[in-house]
Amino acid sequence: MNQPASNKPEPALDTPSADAKSAAASAKADAKPERSGRLSADDWAQAALDLIAEQGVAAVAVEPLARRLGVTKGSFYWHFPSRDALLVAALERWEKVEQETVFGQLEPIPDPRQRLRSLFHLVAHEVKSHIIYSELLKALDHPAVQPVIGRVSERRLDYLTASFRQAGLSRTDAQHRARLLYAAYVGFLQLNLQLHQTRMQHDEFEAYVEHMMATLIPSS
């Protein structure tokens with residue numbers, strides 16, 4: 001029996017409005033949470049990633065992050081010699097977490113077609129990672145950003161190509177299919193995150209994901 005249509009907007013591959021992002025950023029920047037112990041380098045890197053998701057790479061700076069974390073700038077310099085060193089650590093953290101959470105979850109799935117379907121579902125609903133990736137695409141001219149995006153993109157394409165090969169495609173067809181899929185992913189991010197397209201309704205978004213899987217994943 002068909003389920004009633006939901007009007008709940010699908011949050012994946014979407015982004016808050018500019019006003020909402022600004023309000024959230026201001027609220028977080030003004031907050032001074034109590035800290036019971038010394039912050040770690042990972043705490044600072046994660047805070048930098050949160051700021052990138054809200055305001056972009058250019059917004060990463062020591063003073064606003066210190067206010068957000070409720071500490072002095074001295075805590076920052078205990079771990080990092082400069083703002084650029086923090087940015088590198090934040091990007092490396094994002095890269096590592098993606099590697100562990102996305103590819104790590106898929107590794108136990110033996111069937112390549114099912115693995116690709118799981119990849120579609122997993123990636124489609126990873127909201128924050130998409131927002132960070134979109135912000136990084138806007139900052140490709142930054143010397144710390146370009147190498148990370150290059151590594152991440154190469155690893156994603158290699159993974160997709162290998163999966164399509166295991167699903168029965170020839171080497172050339174697998175490479176083409178991987179590029180097509182990755183281009184569709186980046187293009188969807190551009191539409192939803194950078195051009196501020198209207199959010200897709202939940203049912204519409206899920207139908208889009210199913211269409212992508214039916215179109216791109218070999219049936220046999």
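This is a predicted model: local features need pLDDT of at least 70, side-chain atom pairs count only at pLDDT 80 or more; totals for chains, interfaces and linings use all residues.
Biologist: How many residues does helix α6 have, and what span should they cover?

Modeller: Helix α6 covers residues 112-124, and at 1.5 Å a residue its 13 residues should span 18 Å, which agrees with the 18 Å between its end C-alpha atoms.

Biologist: Which residues of α6 are buried?

Modeller: The buried residues of α6 are P112, R115, L116, S118, L119, F120, L122 and A124.

Biologist: How does one describe the packing of two helices?

Modeller: Two packed helices are described by the angle between their axes and the distance between the axes. Here the axes of α5, residues 83-106, and α6 come within 9 Å and cross at roughly 150°. Because angles over 145 degrees count as roughly antiparallel, α5 is roughly antiparallel to α6. The crossing of α5 and α6 is right-handed, and the contact is made by T101, V102, Q105 and L106 of α5 together with R115, S118, L119, L122 and V123 of α6.

Biologist: Which residues is R156 in contact with, leaving aside its neighbours within four places in sequence?

Modeller: With those neighbours left aside, R156 is in contact with W94, E98, F103, Y133, Y182 and Y185. The side chains of R156 and Y182 are also joined by a polar contact of 3.1 Å.

Methods
Residues are numbered from 1 along each chain as its sequence is written. Side-chain values use heavy atoms; hydrogens and water are left out. Helices (H or I, at least four residues) and strands (E, at least two) are DSSP runs, numbered from the N terminus. The expected span of a helix is 1.5 Å times one less than its number of residues. Buried means under 20% relative accessible area, exposed over 50%, partly exposed in between (1.4 Å probe, protein chains only). Axes are lines fitted to C-alpha atoms, for helices over the stretch in contact, and angles run from 0 to 180 degrees between N-to-C directions. Angles under 35 degrees count as roughly parallel, over 145 as roughly antiparallel, 65 to 115 as roughly perpendicular and the rest as oblique. A crossing is left-handed if the near helix is turned anticlockwise from the far one by less than a right angle, and right-handed if clockwise. Contact means heavy atoms within 4.5 Å. A polar contact is a pair of N or O atoms within 3.5 Å; within protein, one must be able to donate a hydrogen and the other to accept it, and residues adjacent in sequence count only if both atoms are side-chain atoms.
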